Structure formats: C-alpha cells, structure tokens
Amino acid sequence: MPPGKATGVIEQIQDEDLAKADLRKHEQLVSLRRNWEDTYQQIDERFPTGAGGFLAQTPGQIRGQRNTDSTHVTANARFAAALRAITTPEQTEYILPRFLDPELNKLRSVKLWRENAGKRLQAIRHAPHTGFGISAHEDFDQLGRYGTSAVWQEPYPDGSGIFYRTLHLSSVWIDVNFAGLVDTVHRKWMASASDLEEQFGREALSPKMIEALDHHDSDKADAKDFEILHVVCPNTDWDRERLDHRRFPIASRFLVTGEKIYLRRRGYNTMPISVSRHMTSAMEVYGRSPAINQLPNINGLNAMRTTTFRAAHKAVDPALLFNRDMGVTKLVTKPGGLNPGLMGEDGRPMVARMPGGENGLPIALEMIQDERSTIRVEFLEEFYSILTNPNSRMTTVEVYERMAKEGVLVRPYADRYATEKQHVMTQRDLDMALRAMPRQIPDFPPEVKEAGAWPVIDYENPLAAMARAESSGKTLRYVQALPVLADLDPNVRFRVDAEAIAVGLAEETGVPTKYIRSDEDVARLKGEEQAAQSAALDGELLKNIGSATKDFAQAGALQEGM
C-alpha cells in the first residue's frame, strides 16, 4: 500500500511540488525569526529550564547557573500566576457565549442557554484529562520569557476528549495575515517511528518508518530519527463542497522533511494552534516579553550582585595586614583560635584587617534594589501584590474603584491575549463541542435557530469585572449622593430609576441570570402585590362601613328609647 494512503480513501495526498513549496516557506519563516534567536538564547541563559529550547544543553543540565540574582525568575512566576488567575480562573464561570443581536440576548431562554453552554464549555476545558491548567500556566510563563507562545488543542486519537499542550517557541515559526493576526504556524520536531505510529497509524507511515518498526532491534523504533514539519495555514483550495482535505478552511499537512512524504493532509474548521504575543510594535511579527524588555537590567543586576558578593566577602572575611619585621610567622583564623604574641606591649594588635569594599556596600545595595524594582514593575508584580494582599477595610465603592485602577495595569496585554489566544481557543472548543456526537452542549433555542445566529464568546473573568468596575463605582457613588440631594428637593427621587439600576448592576457585576427574576415574574409579583393591597384596602373599607353601620344602628336605638 503506498505511503500516506489509507484503506477506503481515494485521494492521493502526495504532492512533490507542494512539499517543496512547504519547505521553501519554512526556510522563509526560519529566516524571519533568525534575528530573534540571539535574544532568545540570552533569555535561556538567565532562566532555569531543562534541555532543549534555543540554547541546546546536555539532557539533565540546568540553565540559569550564571545567575547571582533570581529576581527575574520569581517575577516571571508571579507574572504567570497573576495573569492566569484573571483570564482563565478555574473556580469562576468565565465563558459566556453571546449573540451579536442585542434583542436576541435579552430573551430569557437565550440567556439561560448562554449560561448553560458556557458552563459546559468550561467543564470540557477544565476536565482533568485535558491538561488545560498546566498548559495555561506554561503559556503565560513562556509569554513572560519570550513574548510569543503557542498552544495546541486537539482531540485525543481515541476520542476520549481533547488536550491542550503548550509548544516551546523553539519548535514553532509563525506568520501573520494582512490584519497582523497570526494565520500560519509551522511546527517542527524530531519523532520516533513508534510515536508516529501511535499518532497517525501504521498505514500512514513512510517506508523508512515501517522498516524501523519491523527492525529486530527494538531501539530502532524508539529512536527519534524522523524530522516532522506540521504546516497549518489558510487553505488556498478551500471548497466546502469537496469531500477531501479541500473542504476545510484551514489546511493541515504533516511532512517528513527528509523523505518529502506527507503522513497526513487534512484540515480544520477552526485554528488548532493559537498563538499570542505579549506586546508588539508596528511591523513586528514576534512579540516582546517583560524579560526581553528588561534583559539589560537583568544582566546588570547579576553583575552588581557578583561584585557585591566579592565586596561582602572581603568585608566579612578580610585580608590581614602585618609588618614582616614584627616576627609574625603564623596566624590562626579559625573560631576560638589562639594567636600568642600578636599584641604589642602597648596593647595594640600587631595584625590589622585590610580595608575592603564595605564602605561601598550601602550604595551598591541601594542600586540593586532600584534594579529589582524596575524588573518587578515590568513583570506586573505590583498587580500580583494587589491580588494577593487585598484591603479588607475598604467599602464596596472603594473596592470597585480600586478594581478599575488595577485593570489599567494589565488591560493592554490581556486584550491582546483575549483576541489572539482566548477567542481562537474558545471558538475551537465551541466548534468541536457542536460537531461532537453526541452533542456536548445544549441545542440552540428556537429563537436562535430562526435568526440563524452564531455565538461569539464573552469572558466573565476578573479582568472583565475590573473593566466594568469603573461604571459600577460611579453608579454607587451617585446613589450615595442622592439622600443629600433629596433633603434639598424631595422631587429628586423621580429622577432615579432604581429598578433599572438594580438590573444594570447585576449585569455589570456578573450576577447569574438565574438569580434575577424575569420581567414577566416581576410584573406578576407586582400584580399580586397590588391585588393584595387592594384586597386589604377593600377589607378595611368594609370593616369601616360595618363599624359605621353598627354605630348608626346603636344611635337609632338610643333615639327610639328616648
């Protein structure tokens, strides 16, 4: 059976010209990233990681051994923890589908579907077997180091669910479309024949891979001898009417570079590898990270610490001075050591310490703290401190106002992350859940089907709450000021729609729809209350009428008795 052709599949996936074109494109992408390689290698020297990456190491060797200060390492760990907490918090229901038609979103059935679908999408994403939490932390850790990070999400081959895996930037090359968004990803790695058989099946493997699997030496099958290039890009032959790889808007090709043989040519309806960048300038393809921006400070701080260590060593364990004519031939410097004859008749020691760098230590320590502060600011450590050290004595209004200020620190980076990573990733989750059999999320309500609408995704995470906090804070400040104005003019109360404020604050603060009564329920309760009040008034009126009738009757009886 020819390589790349599976039983029952009539398409011929091999294309020598396409393979050559893919390799040429890859060389272009390698050349595009080459200018960043030296910077990435310097980053690798400063951050402790294992073998691999941009700076090849012996397996088991740890990077970062040149560091004499770990401020940047700790700052990056806190950077990853803080951004992970406010963008994809597992304990918060933060995924909420939304339709572009605002009138459609107001319908209670649609609101409930949005909440239920969001919960289901979150449950799928955060299931233990997906590895999403691990991948998300690795993703932000890599953004803090290199400024660019890719996450691969794919169903397991056995159909048991999906997985998320952060890809090291050293194995990924990217390109952008006319709008500046990443639409092309090349991923290259070394694999063994046994790994490829597990991923693609034996029928898809090349002759050399089959030979390795059938070799009498089992180590041959496990040797990572095959270089694989995975190309993910827009499908220039997209035709939804086709039944082969051309029916997908996104092309996917796995190429064995040494043999120029495709193991698989298929495609995707949504992007399987989402790439985000921490920050870019105009015309930049790869992102810049806090570590890249602070690399001069990180190097300078480590140099300062090295010098300070030497100065402190001299100050604590200084060299000794003595006159060679004084007959000093031996010194005992160990604790409790005795040095007879080393004190003059006038009581002065015959040996003195050599002046060291102790006089410069205060200014050196001050400079070190300045450099550390600069690095911590770049890694958003102030924001991390705000998250982990809240002020419990603040009022509700003060909490909202502070949340709004906190959001300013991270919004530029978080907005980009939402656009380039969360939106792409969640749309793929939604697409796979809707296409799964059985369906993994509830079917659309009839109103949605009738409108032919498709959901987009809102993120009700702490970052979104921070963005809305400014509006909520202003509203509460206004409400607090109303009693003062009402004392001046009672008619002020007619200017305030308290019911609208209650509904608006619920939406801004992320109160679940199920906790808020619908307009129909509110109208019913108002009607019942009015009916009860009317019945009470009627009862009181009847009671008064009865009492008056009784009084009249008694009065008439008294008159007749007179």
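User: Which element has the lowest mean pLDDT, and which the highest?

Analyst: This is a predicted model. Among the elements of the protein, helix H17 (residues 519-561) has the lowest mean pLDDT, at 68. Strand E4 has the highest, at 96.

User: What does the protein average?

Analyst: The average pLDDT is 82. A score of at least 70 is reached by 82% of the residues.

User: Where does pLDDT stay under 50?

Analyst: Over residues 1-11. The model has 19 contacts beyond four places in sequence for that stretch. Where pLDDT is low, the predicted coordinates should not be read in detail.

User: OK, the whole protein now. How many helices and strands?

Analyst: There are 17 helices and twelve strands. The protein has 562 residues, and 38% of them count as buried. Its accessible surface comes to about 32,100 Å². Carbon and sulfur atoms account for 55% of that surface.

User: What share of the contacts is between residues 24 or more positions apart?

Analyst: Taking the contacts with a separation of 6 or more, 68% are between residues 24 or more positions apart.

User: Back to E4. What does E4 pair with?

Analyst: Strand E4 (residues 172-176) is joined to E5 by five bridges, and the two run antiparallel. Val172 stands opposite Arg187 in E5. The two strands form a hairpin with five residues between them. In the turn, Gly180 has a positive phi of about 85°.

User: Is E5 (residues 182-191) enclosed or open?

Analyst: Largely enclosed by the rest of the structure, because seven of its ten residues are buried. E5 is also joined to strand E6 (residues 226-234) by seven bridges, again running antiparallel.

User: Which residue stands opposite Val231 in E6?

Analyst: His186, which is found in strand E5.

User: Is His186 buried or exposed?

Analyst: Buried: the relative accessible area of His186 is 1%, and the cut-off for buried is under 20%.

User: What is His186 in contact with?

Analyst: Leaving aside neighbours within four places in sequence, the contacts of His186 include Asp22, Lys25, His26 and Leu29. Ser171, Val172 and Trp173 are also among them, as are Leu229, His230 and Val231.

User: And how far is His186 from Cys233?

Analyst: The two are 8.4 Å apart in space, C-alpha to C-alpha. In sequence, His186 and Cys233 are 47 residues apart.

User: Where is Arg33?

Analyst: In helix H1. Arg33 counts as buried, at 2% relative accessibility. Beyond four places in sequence, Arg33 is in contact with Tyr40, Phe54, Leu169, Ser170, Val172, Trp173 and Tyr286. Val172 and Trp173 are in the list for His186 as well.

User: Different topic. What is the order of the strands in the open sheet of three?

Analyst: E3-E2-E9, with antiparallel pairing. Strands E3 (162-167) and E9 (273-277) stand at the edges with a single partner strand each, so one side of each has no neighbour in the sheet. From one strand to the next, the twist averages 20°.

User: How many bridges between E2 and E9?

Analyst: Strand E2 (residues 148-155) pairs with E9 over five bridges, in the antiparallel sense. Ala150 stands opposite Val275 in E9.

User: What holds paired strands together in general?

Analyst: Strands of a sheet pair through backbone hydrogen bonds, either parallel or antiparallel.

User: Last topic, helices. What should helix H10 (residues 295-316) span?

Analyst: At 1.5 Å a residue, its 22 residues should span 32 Å. The end C-alpha atoms of H10 are 31 Å apart, which agrees.

User: What do the buried residues of H10 pack against?

Analyst: They pack against helices H1 (16-46), H2 (71-87), H9 and H11 (361-378), and against strand E11 (351-353). The buried residues of H10 include Leu295, Ile298, Leu301 and Thr308.

User: And how far does H4 (residues 108-125) reach?

Analyst: H4 has 18 residues and reaches 26 Å from its first C-alpha to its last, close to the 26 Å expected. Its buried residues include Trp113, Arg114, Glu115 and Leu121.

Note on methods. Residues are numbered from 1 along each chain as its sequence is written. This is a predicted model: local features need pLDDT of at least 70, side-chain atom pairs count only at pLDDT 80 or more; totals for chains, interfaces and linings use all residues. Side-chain values use heavy atoms; hydrogens and water are left out. Two strands pair if DSSP finds at least two bridges between them. Helices (H or I, at least four residues) and strands (E, at least two) are DSSP runs, numbered from the N terminus. Axes are lines fitted to C-alpha atoms, for helices over the stretch in contact, and angles run from 0 to 180 degrees between N-to-C directions. Buried means under 20% relative accessible area, exposed over 50%, partly exposed in between (1.4 Å probe, protein chains only). Contact means heavy atoms within 4.5 Å. Accessible areas come from the Shrake-Rupley method with a 1.4 Å probe; for residues, only the protein chains shown count as cover. The expected span of a helix is 1.5 Å times one less than its number of residues. pLDDT is the predictor's confidence in each residue, from 0 to 100.
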